[in-house]
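Have a look at the model first, then we'll go through it topic by topic.

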Amino acid sequence: MLPRNALSACSRRTPTRLWALSRPLATEAAATEAAKPSSSTLPPHPPKQRRPKPVINTGIILNRSPLITREPTLFEQAYHAYQARIQRALFNPFPDEFYFKPGTILEERFKKEEEEREREAFGPPRKAAASKDSAFTESESKSASESSENQSDNVDEPMPRVSEADKKGDVRSLDRRMDRNLYLLVHAKDQKGKPRWRFPQGGREHGELLHEAAKRDLFAECGDHMDAWIVSRNPIGVYEPPLPADTEAEVIPKTYIFFYKAHILAGQVQPDGKNILDFAWLTKEELESRVDKEYWLAIKDILSDF
Amino acid sequence: MSSSLLNLRDARLPLRVAQASVRYAGRVETNIGDPKLSLIRRILYPSNMRSKPSPTGTWRPNVGWRLQRAIPSVQAHETIERAWRLHERHLRKVRQAELERKYQCMWKAMETLRELDPALYAEANKQEDPRERSETVAKLKGLDRKVAESRVRGLFPRELRLPTDTPPRDGWNYDWKPLPQYD
């Protein structure tokens, strides 16, 4: 409508000699005839009425990467054992006398462990060898077990894969679910005052680049006692929060939230308590249950499945 | 791994990895020097006489029956290998689908940014060269240098830890304090 209104307004005011050039086209003439009565009845507002400039905000998807490897499936475990057995079959024999001085405790321990590994791979030793070695192995195993009891105090046991936080179900802990990717969710009040679970987000100052704004917003919402590394200058996703239905759609600006990926390497979130009520480190499935449906649909493809 | 086993099955050759050109069968200990040296010599250069398999030796008469004990049958082995490759293919497809979804999200975000604000889009698209501040950083001293070197844009931080089978003994470092950032 705009060009036609302008053209028709122009045609009324131009002098006669320019009339030919600014005369509207035949197809438009019929349209302007129809438009003229409606244009005269509209309330007067400036001709360039547009929606105000869209607001660009930034959000952070702060990720704690897995600390431990995944538990292999039963099939994978079986296949690895099978391959280990084939490797054992094809290895050249091990030069024990080169690495272990004959007659030492270390050599006995090694022989015991080797026997254990061989039994695990190939089953118990064959009968011809068994009768010869059984007496030998029994005496050896007694001495070796005694020595192993002495040694176990010195040998460090590795940390368990299931931590205390797993058993308690403490969602604020960063030691929970060490095999999974954890994402930071923050419990904050939105514009209406209703508390929602969402990723940390914030506005952008004038002249600031998006990734710098993301960093500033993260520290503003979650405190700076975190060693967070923003991966790149590029956003990894965008979310358009739905405009509230009751207000006029033309007046308020559209907001866009550009998400940036970051990794937490050390430290913990320290919320100020005023805007941010609570926080949680959650896996992707746990996130789904806490977050609003339309927010989930926007972010689910950005996150890692495992 | 499996292809070598199939080759072993098809080959009619004796199980020999390499031919030793030097004949050192039945050694005689002439100089009784350091027993360690003689041990090393004995291990590195076993006698060529075909009495038993040795660590560095090339004659392995027992591989055949050990392999027969290890695998149930050729057909079973091939089925296991195929099942494994199918499993790996499944994992690969799942991983690729996830990456594809993530890429589409990124692409959509960049397109939206391009339409909204071309200046910000241009800035977001800039490549980060890790070498660009190296000269200025080299001139700094002490804490400033430590701060500047701790995070280099365009490189992964060294604190990004690879997953291990068991977690670290000290657990997560909750008491991290920020260094003064000047950039």
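A quick cut-off before we start: a residue counts as buried when its relative accessible area is under 20%, as exposed when that is over 50%, and as partly exposed in between. Keep in mind that this is a predicted model. Over all chains, the structure holds 35 salt bridges, and a few of them get a closer look below.

**A buried lysine**

- A:K284 comes out at a relative accessible area of 11%, so this lysine is buried.
- You'll find A:K284 in helix 10 of chain A, which covers residues 284–290.
- The side chain of A:K284 has a polar contact with the side chain of A:D305, at 2.8 Å.
- Leaving out residues up to four places away in sequence, A:K284 touches A:R180, A:W296, A:K300, A:L303, A:S304 and A:D305.

**Helix 4 of chain A**

- The buried residues here are A:E76, A:Y79, A:Y82, A:Q83, A:I86, A:R88 and A:A89.

**Salt bridges in chain A**

- A:E113 pairs up with A:R109 in a salt bridge, with 3.6 Å between the closest N and O atoms.
- Both A:E113 and A:R109 belong to helix 6 of chain A (residues 105–122), where they are four residues apart, or about one turn of the helix.
- Relative accessibility is 35% for A:E113, so this glutamate counts as partly exposed. A:R109 has 27% and therefore also counts as partly exposed.
- A second salt bridge links the side chains of A:R216 and A:E208, at 2.8 Å from N to O.
- Are the two partners buried or exposed, or something in between? A:R216 counts as partly exposed because its relative accessibility is 29%, whereas A:E208 counts as buried because its value is 11%.

**Chain B, and a network with chain A**

- In chain B, the side chains of B:E98 and B:K102 form a salt bridge of 3.1 Å, N to O.
- B:E98 and B:K102 are both in helix 4 of chain B (residues 74–116), four residues apart, which is about one turn of the helix.
- Both B:E98 and B:K102 are buried.
- Elsewhere, salt bridges with shared partners tie A:R88, A:E114, A:R117, A:E118 and B:R66 into one network.

Technical notes
Residues numbered from 1 in each chain as written. Chains lettered and ligands numbered in written order. Predicted model: local features only at pLDDT ≥ 70, side-chain atom pairs only at ≥ 80, totals over all residues. Heavy atoms only, no water. Helix = DSSP H or I, 4+ residues; strand = E, 2+ residues; numbered from the N terminus. Buried < 20%, exposed > 50% of the residue type's maximum accessible area, 1.4 Å probe, protein only. Polar contact = N/O pair within 3.5 Å; in protein donor to acceptor, adjacent residues only side chain to side chain. Contact = heavy atoms within 4.5 Å. Salt bridge = Lys/Arg side-chain N within 4 Å of Asp/Glu carboxyl O.
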